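Okay, thanks for coming, everyone. Let me put the structure up, and then I'll walk you through a few spots.

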Amino acid sequence: MMEKLYLIARIADTRVALRSRAIHSVVTVGTPVEVPAAPPHVAGLFALRSRVFTLIDPHVVVGLAPVTAVEGQRVIVVDVADHGYALLADAIEDVCFIDAPETRVTGKLLPGWARVADAMIEHEGASLLVVDPAHFVTLPVASAA
Amino acid sequence: MDDLLNDFLAETAEILAEAGGALVAWEADPGDRERLDAIFRLVHTIKGSSGFLSLPRVTALAHAAEDALDQVRRGNRPADAALVTGVLGVIDRLTQLCGALGTGDGEPAGDDGEVIEALAFAADEPASPEPIEIQLRREDDLAAELQAWRSIRVPLPLLDSVMTGVTDIVLARNEFARMLRESGADPRLIASFDRLSDSIAGMRQSVSQMRMQRIDKLFAPLPRIVRDLAQELGKKVKFVASGGEVELDREMMENIRDPLIHIVRNAVDHGIEPLDQRVAAGKGVIATLSVSARQSGNQIEIEVRDDGRGLSPDALVAKAIAARIVTATEARALSVKDKLELIFRPGFSTAAKITSISGRGVGMDIVKANLEKIGGVVELRNDEGRGLAIVLRVPMTLTIISGLMVRAAGHYFAIPRGAVREILLESSDSARIDRVGGGELATVRGEQFPLLRLEEILGLKPGADEDAEDRAIVIVRPGQGQSYALSVAAIHDHEELVIKPAAPLIMATGLYAGTTLPDNGRPVLLLDVQGLLAAAGIDASEAGRSHDEAEEVEAEAVAARKAAQLLLFRDTGGRVRGVRLSVIERVEEVPALALFESAGTVHAQIGDEIFPVHAGRLPEGAGMLKLLRLHDGQRVLCYPIEAVIDIVRLPDIVQPAAVPGLIAGVTLVGGEPVELLDPFWLMEQYALGEAAAGPSQPLCQLAGDADGWGENFLAPILRGAGYRVASADDALAGGAPDVLLSLSDEEGPVADGVPVIRLRAAVAAAGPDDESVYRYDRQALLEALRVRIGGGRS
C-alpha cells in the first residue's frame, strides 16, 4: 500500500506528487539561519529536535528566482545519504492513495523540471509530475537560474 | 537471525584484527604461553559462534586453526613461522568470508582445502629440537570468558541516538530554564531544576565518554602489516606498541587509521634500510619500529618512530627540485625544517623508486590533509642517519569541541577554540592594520599576519548596525606553521559545542567544518579555518614571515655588532662630546685630590697606579671627579668629564675636523651636533716619555750588584727606557730574564741562551775583544741592550 501513497504539494509554483516513502515528514520551519557562500539553492539551516536540516529552495533548482525562507513555512523533510534536508513548499495539499499507475513523462518540460521529474500520475482529473525529492538536493542547479 | 549474524560479524571482525596482531607478537616470542592461550581463545570463539549460526566454512577454518594451535599448546608441535603463516592464512580467509557474509547473501560456496592444508603439521619433518615450555592451564580460558561479560556490544546508531537524545534534553532544559526565569518562579523550584540541570550535564559527559575507544584497536592491525611488509622486503623489523590504553573518540579513530597505516608502511619501506646498509651503518640487523600513544591535555599524541636512515634534508631538496615542487632559488632559502616538510607537498615521494608498497599516489600530503581535517597536526622529528619519528597530534574528540562564537554581518559562526591563538580588538594599542596594495595586514606586537575580513570571504554585506570601530581580531592558527588574523564584527562567547557534519553541498564550499546547535537552539556553522584561507587565496604560511623576521633580527644584530657605539658625555667645559665606546676601559670616579701636577702634566692616582690626565690644569676645588679611562691595549689615559649622557650608535656620517687635534670631527646625534674625540691624537700626546711597565717589556736581570749601584743608579735608567729590572735576589718573579747585566768582573752564573752584557767600571776597554760596556756610557748601554734583545725605547 505504501507504494500508492503520495504527498500532493505545491513546490516551485507547480503541483507535484511525491512518493511518500521518499519523505521523512512535513514540518514547520523554526528560525532559518542563512548559509553565506553556499550554492544558490541552499536556503539556509534550521534545527528540529536537535538535528540540523539544510533548507533547499526548489525554485532555484528548476530555474526560477529564489524565495526567502520564513519562520513558520511548511517544508518537506527528506533524508539523502544520511543528511537531513527540507524542501521549501509553497503549499502542502494532501496525502492520498493514488491507484492510477505512474506513466512516462510525456510532453516537453522545462529543462529544470525535466531533470527532477520521474514520471507522471493522474489524480482527481489532473496530471501531476511525480518528483524525487533527492534530485533537488543532489542535482546541480539549473543554469537558467 | 539477521541481528545474530550482524553481531557475529562485528565481533568476528574485531577478533580477527586482534588475532592477527597477537599472532605476530607470539611468533616473536613463542614461549609466551599467555598469548598463545589468548589466540586460541579468539579462534575458539569464532568456531563456537559460527557453529551456532551454521556457517560450515567458517567453522571448518576456525576448527583447523584451533586444532593446530591446540597441538602447540599440548607441546606436540613447535611454534614456527610456517604455523603462524598458516594461521594468518586462515584469518585472511575468514576475513574474506565475513566480508561476503556482510553483503547479506549468506555464506558463499568455495573450497578452503589449501588454506587448511597449509596448516597441516608434517610429522615426518625433523621436529624442532627446542622444546617450548608450556604449562597446561585450561582453567584460564574460563576466567577470560567471564571477563568478556563485563562489557557489552552496542550498535553505533544506538549510541548516536543516545547522543542526539541527550542533546535534545539539553536544548529543552535551556528553553525551560529561560521560561522559569521569565515566570519568576519559586526559588525552590529553580533549585530543584538546577539539580536536574546538573545531572543532565553529567549525562552528556558520560555519553561522550561512551564514544571513546581504546587506541589499541587502531594498533591491532599494525603488527601484521609490519610483518608482511618486512618479509616481502627482506627486512627484519621488531614492532613495539605502547600506550594502547589511551582513549579516543571513535570518529577520530576512523580518521587517523589510514594515515597511521600509511606512515607505518612508509617507515618499513623507506625509513628502515636494507640489512646490508644497516650493518654498514653499524646498526643492529633487526630494526625497531615503535608506535606509541599518549594523552596530553585534550590531545592525543601518536608517535611512529623508526631507527632507520631518517630524512636527508639535502636529498629531499634535490628531489623536490627534480619534481619541480620548488625552484633551486626557493630551495636555497629553505630552513632545515622547511626542507623536511617538503615531504608534505603534493606530488612528493621520497622513495628513489616507486614501490608497490608505499608509492601508490597516497602521499604524506594526504596524511597531513586528513589530519588537518580533524584539527590535528603532523610533526617530524628527524635524526638523520639514526631514525625518524612522526608525531600525529589530534584532538581527543571531534564531536564536542570548545568553540568561540563570533558574529559577522549579523550572522553567528563558531571557530574551534583550539585554532585560536589570541583575541584582541582592532582598536587595541597592540594591533595595527595597514592597507597594502589592496590587501590588509595586521601587525600585532611586531608580528605580521594577513588580515581576512569574515564578511568579505563569505560574501556578506557588513551589517549597518555594527560599529566598524569596535571590530575584533582573532589570530587563527589553522595548522602548524600557518596563522592569520580574522576580523569579525564581534566576539560573542565560547561554549562547548556538539559538532555534526554539515550537508555535503555546504561542506563543498570549503568554508565550513560542520554545524552545531548552541544552547539557544539556532544552528550555527563551524568555520573551517583552513578553508577560509584557501577561499581568500592568501599564503598564510609563517615560514616566509618568521624567516624574514629572523633574518631581519639577525641582520640587525649583525649591524649592531658592526656599528660602533658612541659614548656621549658632557665634558668639564659643559660641551657635549662623544668617543667610541670601545676605547673606554671604564669610567672612574675619583676625588679631586687624587689629581696632581707633575712635570707640566696632570696625573691621577687611581689605586696604586698613576695615569696621565688630559687636562690643562688641575681642577679647582675638592669633590669627586669623573674620569674616562681610555685604553689602547697598553697604556691608559684619563679624560675628565662632568657626566656620562648616553650610549648611542655611532652615526655613519662624521664631518672630519680640518686639522688633527683633540676633536676628530663633528656628527649629529638626535639632531644635535656632537664633537667626537680623537683617541689616536690623545694617546699620541701622552705616549711619549711615559714608561708604564707592561708584560711586553724585556726583563733585565742584574747580577753581581754587590754595592747596590745597579739597583740605585742603573735600574731607574733601564726602567725609564722601558725595561723591567730584577735584582739577582729576586726569585725571577717576572719569569726568565731576557738579558743579564753583569756588574762585577767575576764570572757569574750564566743561564743558557740568555745574552749577557758586562759592565765595566773603567772607562777604557781592557782589550780589542772586550765587549763590555762602560757603566756610565748611557748610549752604549742602551744600544747594547737594543742589539741583544730589542724592545725598550731609545
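So, to start: in β10(A), which residue is the bridge partner of A:Val16? It's A:Leu129. Before I go on, a word on what you're looking at: this is a predicted model, where local features need pLDDT of at least 70 and side-chain atom pairs count only at pLDDT 80 or more, while totals for chains, interfaces and linings use all residues. Residues are numbered from 1 along each chain as its sequence is written, and chains are lettered from A and ligands numbered from 1 in the order in which they are written.

Back to that pair. Strand β2 of chain A, residues 14–19, runs parallel to strand β10 of chain A, residues 126–131, and three bridges join them. When I say helix or strand, I mean DSSP runs numbered from the N terminus: H or I of at least four residues for helices, E of at least two for strands. Two strands pair if DSSP finds at least two bridges between them.

Both strands belong to an open sheet of five in chain A, with the order β8-β1-β2-β10-β9 and mixed pairing. At the edges sit β8 (91–97) and β9 (117–123), each pairing on one side only. From one strand to the next, the twist averages 35°; the axes there are lines fitted to C-alpha atoms, and angles run from 0 to 180 degrees between N-to-C directions.

Over to chain B, and a hairpin. Strands β6 (377–383) and β7 (387–395) pair antiparallel over seven bridges. B:Asp383 stands opposite B:Gly387. There are three residues between the strands, and B:Gly385 takes a positive phi near 90°.

Next, helix α23 of chain B, residues 778–789. Its twelve residues should span 16 Å at 1.5 Å a residue, and the end C-alpha atoms are 17 Å apart, which agrees; the expected span is 1.5 Å times one less than the number of residues. Its buried residues are B:Leu781, B:Ala784 and B:Leu785. Buried is 20 or more other C-beta atoms within 10 Å of a residue's own, exposed is 12 or fewer, and partly exposed is in between, with C-beta atoms placed from the backbone.
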